[in-house]
Amino acid sequence: MDSLIKSVGESDYQPEKYVKELSQRCMGPEELLQQKTNVQSLGEQINTMLKKNVFYNYIQFIDTAKEIANLEGEMYQLSHLLTEQASLLNSLASSSIVSEQISKSGKEVNGVQNTEVDNVVEEKRVHKLLNIMERVENCNNDWLSKFEVAKKSQISVENKMKSSVDHKMIQRTDSIQLVHNSFEPETTEPELPEWIIDLADDLDVLIAQRHFEDANSLISKARQYLEEHGDQISTSIEQEIKTKLENRIQALTLVLTKELQVSPDKSHKGGLRAARRAVRILNQLDKSSQACDLFLKVCSNLLKSQLQYVKRDGAMSTFVKKYSMVFFGTTIEITHEFLYKAFPNSSACSSAFILWTIQEVNDFMVILNKHMFVPQTSLSNLSECIKVIHKNCQELCDYGIDLQFQIDGQLRIPLTKSINDIKDKTIEVIKIRFSEDKWKPFNLKTKQQRDKIVEEYTNYGFSNIESYNKGESWIMLTQNTITFTRTYLLLLNDCLVLYSTDLANVIDQLLYEVFAAHCNYIKSSMKNKNFVNDINIITTNARFILDIFLSHCFKVYSASTGNVNPQIHTRLKSEFGVIPTQNITGYI
């Protein structure tokens, strides 16, 4: 670099000769490219130095002009003073002539005449005044002429200095440019628009002022310009513009991603709408994947914050209903925002959203399972809670997202265990009740109470239940039969709420074993010698259970499951037979 500066600075420097020597001296294109870089760097340095010199000379010129202006003012003041002095001398001369006339008049009065003496004196006085006036006038003219000459001389010197500097700058620039152009073919490039030159600075300002939409519009405009005029711009300039543009895009992306980042001290006020602006601009910057990931984190944080407001005290079913309502309500809001506002018509982002919903549902069900599946929970409470969950989940299906399978998968194992536990407990209760059963008709004490029983079974769908009435308050069904039918109907309804393909076998097994347990105890009672005198009431209750009640239950089962020929009904009928109308010994 020092040798280059020395060569360029010589008075006999010739660019063509220098380039020729340089080409002969350099070994290979890499060295030539390095020399080219050095020349470009030197050109930039010289341009900078010349600009500084021009600036310095311009300051000197301004200071000199100020001094000239001040000197001009002083000269005009001096000229004014000299003019006043000339006027004063003229007035003195006038006053002398007047005095002479007065003096002559006095002498004539006094009779004394001395004309020759007075004329001599007066001539001397006038001559002196004229000499003074002439000198003052000459001095004034001389000062003004000298000032004008000095002023013109200074201006001429300054103009020559400025012209010389400009000429040298142009000369040096041309020399450097000639060396630079010796390495590249001569091309004519169109002049870049001013907004492209100021692109990087303008984007920095817009990003700093948080005018993200304007920054994005300017980026789109620059991209379009490069696409349309890229073939008219040199590769180096185009690459430089693209590099600066890409750096500003990264800066804008960084700022927008910080807008979407989740932090504990960040307020959730505004919800998803507050993130809509950043997501939209990131999508326009072709950063949809990054925007999607960040937006889903915002959704998770929002969902978590909403669920934290659900109190976990009180009844289990109350908590589950509220928790489910908040979860699915917020998820529906998120789904609407995601699919219709943030990422419409984006299959890749939609797939990511489906995976997100599955994960959130899994976490949701883990929490609910801990609260629902406890030893004290009845099947009625479980079915009530799961019914609410299924209903809320169905509302999400309107957006094309069916999470029913995912929910059922989370419920399968704990529900299977709960159903088996409830089956065992119910069979144990049936055993205890049969040990206490005396096989006597049920006395409701009053006709009104019996009519309530009749009305209850009529509402269940049983017809001709009045045929079992006897007397004013009696019914020919035992209290144990009434209790069992009520329990089994409730159990059936709860099982049908929980019924699914995965749980079909365990539910069918529960319904079968509970019903079979009751029938087995009826069979054992008929063989018990202690109930020989009660065989008619036993037969009546057995016929009601197997002919009427069993048929009614599996009509309800078939209507709910769609299975028109349930195996449970066939199996129970084949095992326990049909109640004979006359021959009691043919009954189960």
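Which residues in α14 meet which residues in α17? Before I answer, a word on the basis of this talk. The model is predicted: local features need pLDDT of at least 70 and side-chain atom pairs count only at pLDDT 80 or more, while totals for chains, interfaces and linings use all residues. Residues are numbered from 1 along each chain as its sequence is written, and side-chain values use heavy atoms, with hydrogens and water left out.

Now to the two helices. From α14, Thr416, Ile419, Asn420, Lys423, Thr426, Ile427, Ile430, Lys431 and Phe434 meet Val506, Ile507, Gln509, Leu510, Glu513, Val514, Ala517, His518, Tyr521, Ile522 and Ser525 of α17; contact here means heavy atoms within 4.5 Å. These residues divide into eleven nonpolar, six polar and three charged. By this scheme Ala, Val, Leu, Ile, Met, Phe, Trp, Tyr, Cys and Pro are nonpolar, Asp, Glu, Lys and Arg are charged, and the others, Gly among them, are polar.

Helix α14 covers residues 404-436 and helix α17 covers residues 504-526, and they pack at an angle of about 10° with axes 10 Å apart. Helices are DSSP runs of H or I, at least four residues, numbered from the N terminus. Axes are lines fitted to C-alpha atoms over the stretch in contact, with angles from 0 to 180 degrees between N-to-C directions. The two helices are therefore roughly parallel, a term for angles under 35 degrees.

Ser435 also lies in α14. With a relative accessible area of 56%, Ser435 is exposed (exposed is over 50%, buried under 20%, partly exposed in between, using a 1.4 Å probe and protein chains only). Ser435 and Ser525 are 90 residues apart in sequence, yet 9.9 Å apart in space, C-alpha to C-alpha.

I turn to the aromatic residues. The structure holds 27 aromatic pairs, meaning rings of Phe, Tyr and Trp (its six-membered ring) with centres within 6.5 Å; planes under 30 degrees apart are stacked, over 60 edge-to-face, and the rest tilted. Phe319 and Tyr323 have ring centres 5.2 Å apart and planes at 35°, so this pair is tilted. Both lie in helix α11, four residues apart, about one turn of the helix, and both are buried. For Phe327 and Phe328, the centres are 5.1 Å apart and the planes at 90°, so that pair is edge-to-face. Phe327 and Phe328 are buried too.

Terms used: Parallel < 35°, antiparallel > 145°, perpendicular 65-115°, else oblique.
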